[in-house]
Amino acid sequence: MASPDAEQPAPTEPERWRDLDMLLSRPGNLVEASFDPSPGLRDLLGSLVEVLVVGAGGLGCELLKDLALSGFKKLHVIDMDTIDVSNLNRQFLFRVQDVGKSKAEVAAKRVMERVNGVNIVPHFCRIEDKEIEFYSQFQIIVLGLDSIEARSYINSVACGFLEYDSNDNPLEETVKPMVDGGTEGFKGHARVIIPGKTPCFECNIWLFPPQVKFPLCTLAETPRTAAHCIEYAHLIKWDEVHPGKPFDADDAEHMQWIYSEALKRAELFGISGVTYSLTQGVVKNIIPAIASTNAIISAACALEAFKLISGCSKSVSNYLTYNGLEGTHIKVTEFVRDKDCLVCGPGTLVELDTSSTLSDFIKMLEEHPTLRMSKASVTHEGNNLYMQSPEVLEQMTRPNLSIPMFELLKEAPYTTVHATGMTENNGKKVSSLRKLRVAFKGIEEASKMDTTVSS
């Protein structure tokens with residue numbers, strides 16, 4: 001008899017997919033109306049469905065592994081970070097020799113080594129660096145992020161593809177579902193976002209508590225904790241020493257400087273506990289991650305993604321929370337969508353004169369009472385009307401600024417355009433994408449639309 005400690009042989013391919021194939025081969029009482037059970041459904045989903053995973057950190061590593069083992073064969077992963085030695089205790093796809101390398105590239109390589117037939121394309125860049133059309137190729141987007149701003153951006157991109165009919169009902173073929181996962185210590189959530197049907201990220205932005213802020217007088221005069229010393233270096237000392245130079249939390253040299261200054265501050269006031277990892281946590285508002293929480297939330301997210309794509313069971317409705325701090329507590333809450341949401345709604349209606357130029361339109365977005373969008377880039381049906389950057393595109397699209405919008409929009413009485421620019425979110429300037437319904441004054445068909453905003 002083999003020792004229980006002996007390494008078990010890897011499952012053969014048929015054994016690996018046995019349970020998944022059984023799930024996809026049988027009808028049931030909880031399946032979606034569109035579900036068509038078939039023994040070949042797994043192979044069909046694997047060959048047709050493309051999935052984007054955003055984030056390759058603790059949760060992202062688990063997501064890539066779980067999605068690959070759920071039959072998804074065409075995966076992309078995007079992450080701008082490199083591997084730090086502090087990641088190795090929970091981001092299990094990384095090794096010591098990987099420190100300094102791209103998280104996305106290493107994670108993709110490791111999963112492809114372990115799961116036959118899966119192809120993962122890594123993208124080592126910021127999510128904002130990708131053209132909006134890049135995101136259109138995916139049937140579902142799965143988020144493993146630790147940033148409110150990044151979630152908000154991806155949410156606005158996915159909702160930007162959503163179109164409505166004349167009765168403001170979402171068009172099924174334009175819906176791009178998302179599954180959002182997040183963890184904080186022993187707590188986590190898995191949320192299903194179906195734009196136009198369930199609440200999007202912005203509909204429930206209030207779920208995220210405001211960041212803890214310290215009075216500046218405490219930081220400057222009477223620091224009492226390691227966090228006070230770190231925030232002093234971050235919020236006060238950096239601007240004193242580097243006037244006009246923005247602090248980049250993702251720049252290792254910037255973070256090391258904050259850490260060094262915080263140590264000096266702590267020594268001056270006899271405070272202990274300042275470490276590099278704590279410095280990162282305070283500056284980035286990061287709560288230490290727990291590997292087991294990541295695994296549980298990832299499993300929930302992968303299952304929801306699988307159910308959404310296959311229809312083999314009804315998806316969770318629509319916000320699952322997990323708390324493993326004292327025992328195990330799992331709860332599902334159904335939140336209600338905000339029908340007037342600026343992001344997932346039919347779009348903010350803007351009424352223009354036929355003589356209004358693209359330049360007038362961009363200026364109006366800055367002055368709009370709810371949009372307040374500066375430095376806007378504008379697209380229509382995938383065509384760039386005006387791009388703020390890169391410089392070559394700005395120069396190419398600059399002549400459009402003096403052309404009437406009515407002409408640029410092919411004299412359509414009303415249509416949808418997308419604007420990407422900077423808006424304010426929780427006191428911070430963040431990159432956002434907004435969907436706008438443009439109607440022209442004096443055009444007969446436009447009078448059928450409810451008008452709420454005039455230029």
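Which residues line the largest cavity? Let us look at that spot and several others in close-up. This is a predicted model, in which local features need pLDDT of at least 70 and side-chain atom pairs count only at pLDDT 80 or more, while totals for chains, interfaces and linings use all residues. Residues are numbered from 1 along each chain as its sequence is written, and side-chain values use heavy atoms, with hydrogens and water left out.

**View 1. The largest cavity and its lining.**
The largest cavity is lined by Arg42, Leu45, Gly46, Ser70, Gly71, Phe72 and Phe306. A cavity here is a set of points, on a 1 Å grid over the protein atoms alone, where a 1.4 Å probe fits but cannot get out, and a lining residue has an atom within 4 Å of a point. Rolling a probe the size of a water molecule over the atoms shows where empty space is left. By this rule the count comes to one cavity of 30 Å³ or more. The volume of the largest cavity is about 40 Å³, where a volume is the space filled by probe spheres set on the grid points, which are joined across faces, edges and corners. Helix 3 (residues 41-48) gives the most to this lining, with three residues. Helices (H or I, at least four residues) and strands (E, at least two) are DSSP runs, numbered from the N terminus. Sorted by class, the lining of the largest cavity holds three nonpolar, three polar and one charged residues. In this sorting, Ala, Val, Leu, Ile, Met, Phe, Trp, Tyr, Cys and Pro are nonpolar, Asp, Glu, Lys and Arg are charged, and the others, Gly among them, are polar.

**View 2. The second largest pocket.**
A pocket, unlike a cavity, is an open set of points with protein on both sides within 12 Å along at least five of seven lines. The second largest pocket contains about 620 Å³ of space. It is lined by 30 residues, and the closest to its centre are Glu172, Val175, Pro177, Ile194 and Leu308. Helix 11 (residues 291-310) gives the most to this lining, with four residues. The lining of the second largest pocket has eleven nonpolar, eleven polar and eight charged residues.

**View 3. Strands 1 and 2, side by side.**
Strand 1 (residues 50-54) and strand 2 (residues 74-78) run parallel and are joined by five bridges; two strands pair if DSSP finds at least two bridges between them. Find Val53 and you can follow its bridge to Val77 in strand 2. Strand 1 is largely enclosed by the rest of the structure, because four of its five residues are buried. Buried means under 20% relative accessible area, exposed over 50%, and partly exposed in between (1.4 Å probe, protein chains only). Strand 2 also has four of its five residues buried, so it is largely enclosed by the rest of the structure.

**View 4. Arg126 in its loop.**
Arg126 sits in the loop between strand 3 (119-123) and strand 4 (140-144). Its relative accessibility is 39%, so Arg126 counts as partly exposed. Not counting residues up to four places away in sequence, Arg126 touches Ile78 and Met80, where contact means heavy atoms within 4.5 Å.

Strand 10 (residues 374-380) and strand 11 (residues 383-386) run antiparallel, with three bridges between them. His380 has Asn383 of strand 11 as its bridge partner. The two strands form a hairpin with two residues between them, and Glu381 in the turn has a positive phi of about 55°. Lys375 lies in strand 10 and has a positive phi of about 50°, although it is not a glycine. Lys375 counts as exposed because its relative accessible area is 60%.

The peptide bond from Ser389 to Pro390 is cis, with omega near -5°. Pro390 is placed in the loop between strand 11 and helix 13. Glu394 belongs to helix 13 (residues 391-397). With 12% relative accessibility, Glu394 counts as buried. The side chains of Glu394 and Tyr386 are joined by a polar contact of 2.7 Å. A polar contact is a pair of N or O atoms within 3.5 Å; within protein, one must be able to donate a hydrogen and the other to accept it, and residues adjacent in sequence count only if both atoms are side-chain atoms.
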